[in-house]
Protein chains: 4
Amino acid sequence: MSHNTARVRVRYAETDKMQVAYYAHYFVWFEVGRCELLRSLGSAYRELEAAGFMLPAIEAHCEYRRPARYDDELTILTHGRLLSPARVRFDYEVQRPADQALTAVGHTVHAVVDRDGRPTRLRAEIRKALA
Amino acid sequence: MSHNTARVRVRYAETDKMQVAYYAHYFVWFEVGRCELLRSLGSAYRELEAAGFMLPAIEAHCEYRRPARYDDELTILTHGRLLSPARVRFDYEVQRPADQALTAVGHTVHAVVDRDGRPTRLRAEIRKALA
Amino acid sequence: MSHNTARVRVRYAETDKMQVAYYAHYFVWFEVGRCELLRSLGSAYRELEAAGFMLPAIEAHCEYRRPARYDDELTILTHGRLLSPARVRFDYEVQRPADQALTAVGHTVHAVVDRDGRPTRLRAEIRKALA
Amino acid sequence: MSHNTARVRVRYAETDKMQVAYYAHYFVWFEVGRCELLRSLGSAYRELEAAGFMLPAIEAHCEYRRPARYDDELTILTHGRLLSPARVRFDYEVQRPADQALTAVGHTVHAVVDRDGRPTRLRAEIRKALA
């Protein structure tokens with residue numbers, strides 16, 4: 001199991017007429033979180049794809065605790081762990097350091113597939129890091 | 001409990017470099033589904049907000065079964081039901097009629113709050129329809 | 001030169017904290033407009049891409065006249081015309097039928113390239129329709 | 001006239017099936033650029049809005065030179081200048097430092113309005129900085 005912290009700032013584009021961040025964008029921030037986690041493990045997701053590994057989401061979940069607002073700086077704490085050689089789960093906590101609010105928690109589950117969409121084992125070094 | 005079917009066509013903007021619809025956009029389609037359900041019940045969400053009721057998401061969940069692709073016509077079958085006078089749950093099935101594929105299933109849970117963010121009871125006629 | 005009218009309804013996801021549609025989304029609606037125009041000419045953009053023709057944007061422009069709001073039904077009137085055998089321009093008018101407001105006008109210019117990114121001539125029947 | 005450089009990394013969410021950044025997202029990066037420019041001048045856009053000044057876009061333009069790809073680090077060089085006491089123009093250059101490619105250039109023009117949407121003069125210190 002590995003973890004990493006990424007940072008985003010809420011863009012105006014990500015707000016909605018309720019004047020808070022629109023709920024679907026948290027899943028984009030989750031993407032930022034898991035990509036930075038993979039990068040910290042030495043395998044940027046871009047390189048994984050170039051090497052023929054793809055991690056499509058098969059499940060996504062988020063619980064919204066406190067609204068995030070325009071221009072808020074948020075941290076995404078991401079934990080990753082292997083569910084099986086061909087399945088990975090990431091857990092996320094989206095925090096706002098300014099007031100130490102936990103704005104949301106969630107998780108995603110990803111299959112590991114090759115270019116033809118067939119299940120495949122993730123690289124050994126990442127499997128080891130996420131074990 | 002009430003249900004309704006909405007339609008969307010996958011936009012190029014909604015695809016990603018895996019050449020399928022990006023996972024976060026399903027939550028946007030869920031939004032289309034629940035708004036059309038509320039409209040079918042006689043209370044467009046726009047009117048609910050104008051009357052001082054807001055339904056922020058407090059939970060969102062999606063399971064991805066088959067990738068949706070650019071230009072696919074999808075139907076979003078939405079069921080709504082009241083969890084409490086101030087809480088509503090919507091369940092969604094995103095289907096692709098062309099090959100009868102079920103691309104995703106999911107749900108969202110929403111609080112009902114007034115303009116000051118305080119929990120409030122949804123209008124009686126909607127509560128009745130979603131009971 | 002050809003034209004076509006497409007319809008969209010402003011999604012909550014497309015609004016921002018100014019409580020109007022965020023400016024970048026008009027370019028997504030332009031995409032809807034030009035895709036429906038191509039479809040009306042007998043060549044859905046999906047089929048063009050499958051046949052090896054891609055139309056990346058090389059220029060995009062929009063002038064915002066009146067804000068579009070959540071749940072507004074908008075029409076996108078799109079005109080297309082060939083600038084050269086390998087270059088196409090689309091002009092757009094985004095109108096709100098409810099109050100006959102012209103919310104925005106704009107245009108995009110697209111190169112026609114093959115799968116390797118090399119300039120190529122668009123199919124003869126589309127060139128003819130857009131001449 | 002003032003300028004500033006902001007940084008973004010292309011998100012998977014921002015790519016499309018052509019496997020490059022979708023054209024509308026450049027306008028979101030422009031937003032990042034102008035907000036960081038305003039912040040560097042001492043008036044974060046969030047504070048401007050809180051003080052009753054809003055800068056809705058009235059024109060947006062982009063020319064795409066080289067595709068930006070997933071995970072690319074981009075810099076947005078933004079210049080701002082006052083067109084009139086109630087109108088501001090920002091010019092943008094989106095560069096990819098890794099290969100010194102200029103991926104896009106563009107500009108946006110913004111009205112300065114108060115909470116009721118009436119034209120108003122921007123704060124003197126910002127007008128001075130952008131003069």
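Entry 1, conventions. I worked with a predicted model in which local features need pLDDT of at least 70 and side-chain atom pairs count only at pLDDT 80 or more, whereas totals for chains, interfaces and linings use all residues. Residues are numbered from 1 along each chain as its sequence is written, chains are lettered from A and ligands numbered from 1 in the order in which they are written, and side-chain values use heavy atoms, without hydrogens and water.

I looked up the strand order and found an open, antiparallel sheet of 10 strands running 1(C)-3(C)-4(C)-5(C)-2(C)-2(D)-5(D)-4(D)-3(D)-1(D); strands are DSSP runs of E with at least two residues, helices runs of H or I with at least four, both numbered from the N terminus, and two strands pair if DSSP finds at least two bridges between them. At the edges I noted strand 1 (2-9) of chain C and strand 1 (2-9) of chain D, each of which pairs on one side only. From one strand to the next the twist averages 15°, with axes being lines fitted to C-alpha atoms (for helices over the stretch in contact) and angles running from 0 to 180 degrees between N-to-C directions.

Strand 1 of chain D is joined to strand 3 (residues 73-84) of chain D by eight bridges in the antiparallel sense, and I traced D:Ala6 to its bridge partner D:Ile76 in strand 3 of chain D.
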